[in-house]
Amino acid sequence: MRNGLCCYPKIVVTRSGRSPALLDGCRQYLGRAMEVAAKHALYDTPRHPYTQALLSAIPVPDPRVERAKTLQLLQGDLPSPINPPSGCVFRTRCPKAVAQCAQDIPALRQVDIQTQSACVFD
Ligand code: SF4
């Protein structure tokens, strides 16, 4: 907690009564939803760069797989939640950020039947 606001990654896994197939998992960064997906889609084929970075940090309980995997380290410091970056709040740490990311706040968009992602590339 910093300044009374949680600034750590949130992984929310829900069983929504309305649409459980579409809302099993939600990744948030600085309070904004980055990706919402069915749990298998979220873990097997993450779309959003933030989700990809988070999942790459999870240890694999197989030494051969763990040694061979590529860790996606995020650069920079976590921005202040009371003064978040313009545009996409993840842009100061995103390895795929482009100039457009500072201009537009990406909305969650349906990218396939199981996944919504908030990224200018989706
Ligand atoms: S909108 Fe830009 S900064 Fe945000 S996740 Fe996508 S590429 Fe990265």
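Which elements do the buried residues of α2 pack against? They pack against β2, β3 and α1 (39-44). Here a residue is buried if 20 or more other C-beta atoms lie within 10 Å of its own, exposed if 12 or fewer, and partly exposed in between, with C-beta atoms placed from the backbone. The buried residues of helix α2 (residues 49-56) are Pro 49, Tyr 50 and Thr 51.

This is a predicted model: local features need pLDDT of at least 70, side-chain atom pairs count only at pLDDT 80 or more, and totals for chains, interfaces and linings use all residues. Residues are numbered from 1 along each chain as its sequence is written.

Start with the overall layout. The chain has four helices and five strands. Their order along the sequence is β-β-β-α-α-α-α-β-β. Helices (H or I, at least four residues) and strands (E, at least two) are DSSP runs, numbered from the N terminus. Of the 122 residues in the chain, 23% are buried.

Now the strands. Strand β2 (residues 25-29) pairs with strand β3 (residues 32-37) in the antiparallel sense, over five bridges. Two strands count as paired if DSSP finds at least two bridges between them. Gly 25 has Ala 37 of β3 as its bridge partner. β3 also pairs with strand β5 (residues 115-117), again in the antiparallel sense, over three bridges. There, Val 36 has Gln 116 of β5 as its bridge partner.

β2 and β3 form a hairpin with two residues between them. Leu 30 sits in this loop. Its phi is positive, about 50°, although Leu 30 is not a glycine. Leu 30 counts as partly exposed because it has 18 C-beta neighbours inside 10 Å.

The largest nonpolar core has ten residues: Tyr 29, Met 34, Tyr 50, Cys 88, Val 89, Phe 90, Cys 94, Cys 101, Ala 118 and Cys 119. Such a core is a set of buried Ala, Val, Leu, Ile, Met, Phe, Trp, Tyr and Cys residues joined through C-beta atoms within 7 Å. Cys 119 also touches His 48, Pro 49 and Pro 106, leaving aside residues up to four places away in sequence. Contact means that the C-beta atoms of two residues, placed from the backbone, lie within 7 Å.

Last, the ligand. Of the 13 residues around the ligand, Cys 88, Arg 91, Cys 94, Cys 101 and Cys 119 come nearest. A residue is near if its C-beta atom, placed from the backbone, lies within 6 Å of the molecule.
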